[in-house]
Amino acid sequence: LVNVGLMLGRTVWIESPQPLYPNFYVLLLGQTGDARKSTALWLAGQLLKRVGEDDVEIIRGIVSTVGLFVRLAKKDDTRALGYVDEFSSLLSIGQRQGTRDLLPKLNSLIYCPDQETIDRRKDPTTVIRPFFSLIAATAQDYVADLIGNLELSGGMLNRFLMVAGNEQ
């Protein structure tokens, strides 16, 4: 689902009343070590490579809004996949003093704005028509903790399609 959305990009949408594009935020849930969450994440990246979607930027290790926006600002209409192997680490980064703007910016990127800017004293960064999808994974044992953290950080959970896997 995430990959099909990335391949389609901004070529399709529905009006509701603003355009809704096929970019997705997906959270894979499973038991630690058994559910193959990391394998599913890896397969998503491999599929993009194998179908020739080399122009999709795969962003691993999101640690700041600045870093994310620098990658998205390389060119207009960047299609990107945020790849987060452990969702709780992303939430931890979003709660640090210097990176608290990360989760709100992720919340706004799901709407594929025409333009989004982060202001810095010397060098603001603007992304033009970004198309950003996010795929993450976490152990089901952490879900109760995540719900509390997400409510505190701006309602991010309701933007995710959660997919629970069976143990292997």
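Strands (E, at least two residues) and helices (H or I, at least four) are DSSP runs, numbered from the N terminus. The structure is a predicted model, in which local features need pLDDT of at least 70 and side-chain atom pairs count only at pLDDT 80 or more, while totals for chains, interfaces and linings use all residues. Residues are numbered from 1 along each chain as its sequence is written, and side-chain values use heavy atoms, with hydrogens and water left out.

**View 1. Valine 84 in strand S5.**
Valine 84 has 6% relative accessibility and therefore counts as buried; buried means under 20% relative accessible area, exposed over 50%, and partly exposed in between (1.4 Å probe, protein chains only). Apart from neighbours within four places in sequence, valine 84 is in contact (heavy atoms within 4.5 Å) with Leu41, Ile62, Leu90, Leu134, Ile135, Ala136 and Ala137. Leucine 41 is 43 residues away along the chain, and its C-alpha atom is separated from that of valine 84 by 8.4 Å.

**View 2. The whole chain, for orientation.**
The chain has six helices and nine strands. Its length is 168 residues, and 45% of them count as buried. Among contacts with a separation of 6 or more, 70% are between residues 24 or more positions apart. The accessible surface comes to about 8,900 Å², and carbon and sulfur atoms hold 52% of that; these areas come from the Shrake-Rupley method with a 1.4 Å probe, and for residues only the protein chains shown count as cover. The mean pLDDT (the predictor's confidence in each residue, from 0 to 100) is 85, and 88% of the residues score at least 70.

**View 3. Helix H5 and its surroundings.**
H5 is largely enclosed by the rest of the structure, because six of its eight residues are buried. The buried residues are Leu102, Leu103, Lys105, Leu106, Asn107 and Leu109. They pack against strand S3 (25-30), H3, helix H4 (87-94), strand S6 (115-118) and S8.

**View 4. Lysine 105 in helix H5 (residues 102-109).**
With 17% relative accessibility, lysine 105 counts as buried. Its side chain reaches the backbone oxygen of threonine 117 at 3.0 Å. This is a polar contact, that is, a pair of N or O atoms within 3.5 Å; within protein, one must be able to donate a hydrogen and the other to accept it, and residues adjacent in sequence count only if both atoms are side-chain atoms. Beyond four places in sequence, lysine 105 is in contact with Thr65, Phe69, Glu116, Thr117 and Ile118.

**View 5. Helices H3 and H5.**
Two packed helices are described by the angle between their axes and the distance between the axes. The axes of H3 (residues 65-72) and H5 come within 9 Å and cross at roughly 35 degrees; axes are lines fitted to C-alpha atoms, for helices over the stretch in contact, and angles run from 0 to 180 degrees between N-to-C directions. H3 contributes Thr65, Leu68, Phe69 and Leu72 to the contact, and H5 contributes Leu102, Lys105, Leu106 and Leu109. By class, these residues are six nonpolar, one polar and one charged. Ala, Val, Leu, Ile, Met, Phe, Trp, Tyr, Cys and Pro count as nonpolar, Asp, Glu, Lys and Arg as charged, and the others, Gly among them, as polar.

**View 6. Helices H4 and H5.**
The axes of H4 and H5 come within 7 Å, with a crossing angle of roughly 115 degrees. Leu90, Leu91, Ile93 and Gly94 of H4 meet Leu102, Leu103 and Leu106 of H5. The contact has six nonpolar residues, one polar and no charged ones.

**View 7. Serine 64, in the loop between strand S4 (56-60) and H3.**
Not counting residues up to four places away in sequence, serine 64 touches Thr99 and Leu102.

Serine 16 and proline 17 are joined by a cis peptide bond with omega of about -20 degrees; proline 17 lies in the loop between strand S1 (14-15) and strand S2 (19-20). Aspartate 77, in the loop between H3 and strand S5 (79-84), has a positive phi near 60 degrees and is not a glycine. At 35% relative accessibility, aspartate 77 counts as partly exposed. Arginine 129, also not a glycine, has a positive phi of about 45 degrees and is placed in the loop between S7 and strand S8 (131-139). Its relative accessibility is 31%, so arginine 129 counts as partly exposed.
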